[in-house]
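Keep the structure open beside the text.

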Amino acid sequence: MREIKTVSILGAGAIGAYFIYGFTAAKIDFCLVAKGERKERLQREGIIINGNVYKPAVKTPEEANGADLLLVATKYNGLRDALEDIRTVAGPHTTVLSLLNGIDSEELIGTVIDPAQIVYSLMRINSERRGNSVVFNPEKTPGLFAGEKGSAEETERLLAIRSLLAKTPLRYTFCKDIISEQWLKFTLNIAYNLPQAVLGVGYAAYFDSEHVGFIRDRLEAEARRVAAAYGISFGPLENTRPRWLERARFSTLQDLEAKRHTEIDMFCKVLMEKAAAKGMEVPFAEYTLHAIKALEEKNDGKFDYK
């Protein structure tokens with residue numbers, strides 16, 4: 001098993017912050033990848049994680065070239081612009097993990113590097129981002145779930161990732177069927193992330209309102225039908241109503257309330273594209289895409305009529 005000695009992280013949002021927190025605690029040799037003004041800002045200001053300021057090493061893509069492990073944690077909207085940086089960082093022996101919670105980021109990254117270098121994964125983390133600050137509960141964060149596409153084996157490179165994270169407070173779970181797990185998480189986000197973003201309500205509304213629940217159920221059904229068309233099935237979403245989550249606002253609503261653009265394309269647009277390729281329609285997802293795009297335009301001031 002080839003030991004992972006150096007790690008590069010591309011993206012310093014909520015998911016990047018989780019790994020910055022864990023690698024710093026374990027003194028793992030890692031760096032953030034950035035260039036230009038963003039590199040200067042990260043070096044100057046760092047990132048605030050759970051109230052503490054972290055200032056990890058920041059390297060350009062060229063300086064980070066050849067890292068043993070590259071973690072891609074950009075926002076989906078920035079992934080295409082980051083592809084050249086990914087190509088630059090990834091040497092022939094670099095393992096690449098895409099930590100975006102969609103179903104097509106590995107496909108996109110595989111257009112600029114050897115797809116065989118990519119380990120499929122997903123993240124489970126409840127966090128809140130405010131500007132340069134990220135807050136999450138390490139004890140309640142399930143963390144990284146990873147596996148090999150088309151294989152139920154925990155390969156040597158997965159064992160190397162397990163060994164690396166075992167040195168840290170970060171959590172790792174091996175998945176025998178990572179593609180189904182990705183679709184489950186994708187569907188969970190579509191069903192539970194998006195309706196609350198359109199309506200501006202807390203998580204408990206899914207259980208307190210038959211109308212919010214109706215929208216949730218129709219979006220889930222559409223995602224499951226599309227997955228089935230690709231031969232993919234998965235179990236129940238298993239969401240319940242713990243009291244501490246009643247007011248919870250997930251990432252899309254957090255983005256809208258902070259007047260940031262969302263990752264709606266990663267959810268509804270990709271589902272629509274996957275559906276169209278199979279001659280299917282997903283009207284609830286299509287409506288949700290346009291509703292959230294309209295809310296982004298509202299935040300941008302497009303409807304501030306004089």
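Ring pairs link Y18, F19, Y21, F23, F30 and F136 into a cluster. Rings of Phe, Tyr and Trp (its six-membered ring) pair here if their centres lie within 6.5 Å; planes under 30 degrees apart count as stacked, over 60 as edge-to-face and the rest as tilted. The model is predicted: local features need pLDDT of at least 70, side-chain atom pairs count only at pLDDT 80 or more, and totals for chains, interfaces and linings use all residues. Residues are numbered from 1 along each chain as its sequence is written, and side-chain values use heavy atoms, with hydrogens and water left out.

Searching the whole structure gives 14 aromatic pairs. One of them joins Y203 and Y206: the ring centres are 6.1 Å apart and the planes stand at 65 degrees, so this pair is edge-to-face. Both Y203 and Y206 are buried. Buried means under 20% relative accessible area, exposed over 50%, and partly exposed in between (1.4 Å probe, protein chains only).

Now look at F214 and F284. Their ring centres are 6.1 Å apart and their planes at 65 degrees, so this pair is edge-to-face. F214 belongs to helix 8 (residues 210-229) and F284 to helix 11 (residues 283-299), so the pair ties together parts that are 70 residues apart in sequence. Helices (H or I, at least four residues) and strands (E, at least two) are DSSP runs, numbered from the N terminus. Is F214 buried, exposed or partly exposed? F214 is partly exposed, with a relative accessible area of 39%. F284 also counts as partly exposed, at 29% relative accessibility.

Eight strands make up an open sheet with mixed pairing, in the order 5-2-1-6-7-8-11-12. Its edge strands are strand 5 (58-59) and strand 12 (172-174), each of which pairs on one side only. Two strands pair if DSSP finds at least two bridges between them. Strand 1 (residues 7-10) runs parallel to strand 6 (residues 69-72), and four bridges join them. Here I9 stands opposite L71 of strand 6.

Which helices pack on this sheet? Helix 1 (residues 14-26) does, touching strand 1, strand 2 (30-33), strand 6, strand 8 (118-124) and strand 11 (143-147). The direction of helix 1 makes about 155 degrees with that of strand 1. Helix 5 packs on the sheet too, touching strand 1, strand 6, strand 7 (95-98), strand 8, strand 11 and strand 12. Its direction makes about 155 degrees with that of strand 12. Contact means heavy atoms within 4.5 Å. Axes are lines fitted to C-alpha atoms, for helices over the stretch in contact, and angles run from 0 to 180 degrees between N-to-C directions.

Stay with helix 5 (residues 156-166). Its buried residues include L158, A160, I161, L164 and L165. They cover an arc of only 155 degrees around the axis, which puts them on the same side of helix 5. The arc is that of the directions from the helix axis to the C-beta atoms. An α-helix has 3.6 residues a turn, so residues three or four places apart point the same way. On the face turned away from the buried side, helix 5 carries the exposed residues E156 and A166.

Strand 11 is mostly covered, with five of its five residues buried. It pairs with strand 8 in the antiparallel sense over five bridges. The bridge partner of L122 in strand 11 is F145. The ring of F145 also has the charged end of R124 over it, 4.5 Å from the ring centre. A charge sits over a ring if NZ of Lys or CZ of Arg is within 6 Å of the ring centre and within 35 degrees of the ring normal. Strand 11 and strand 12 run parallel and are joined by three bridges. There L144 stands opposite Y172 of strand 12.

Finally, turn to strands 9 and 10. Strand 9 (residues 127-130) pairs antiparallel with strand 10 over four bridges. The two form a hairpin with two residues between them, and G131 in the turn has a positive phi of about 60 degrees. Strand 3 (residues 47-49) pairs in the parallel sense with strand 10 (residues 133-136) over two bridges. Leaving aside neighbours within four places in sequence, R260 is in contact with R129, G131, Q254 and D255. R260 lies in the loop between helix 9 (251-257) and helix 10 (264-277). R260 is buried, at 17% relative accessible area.
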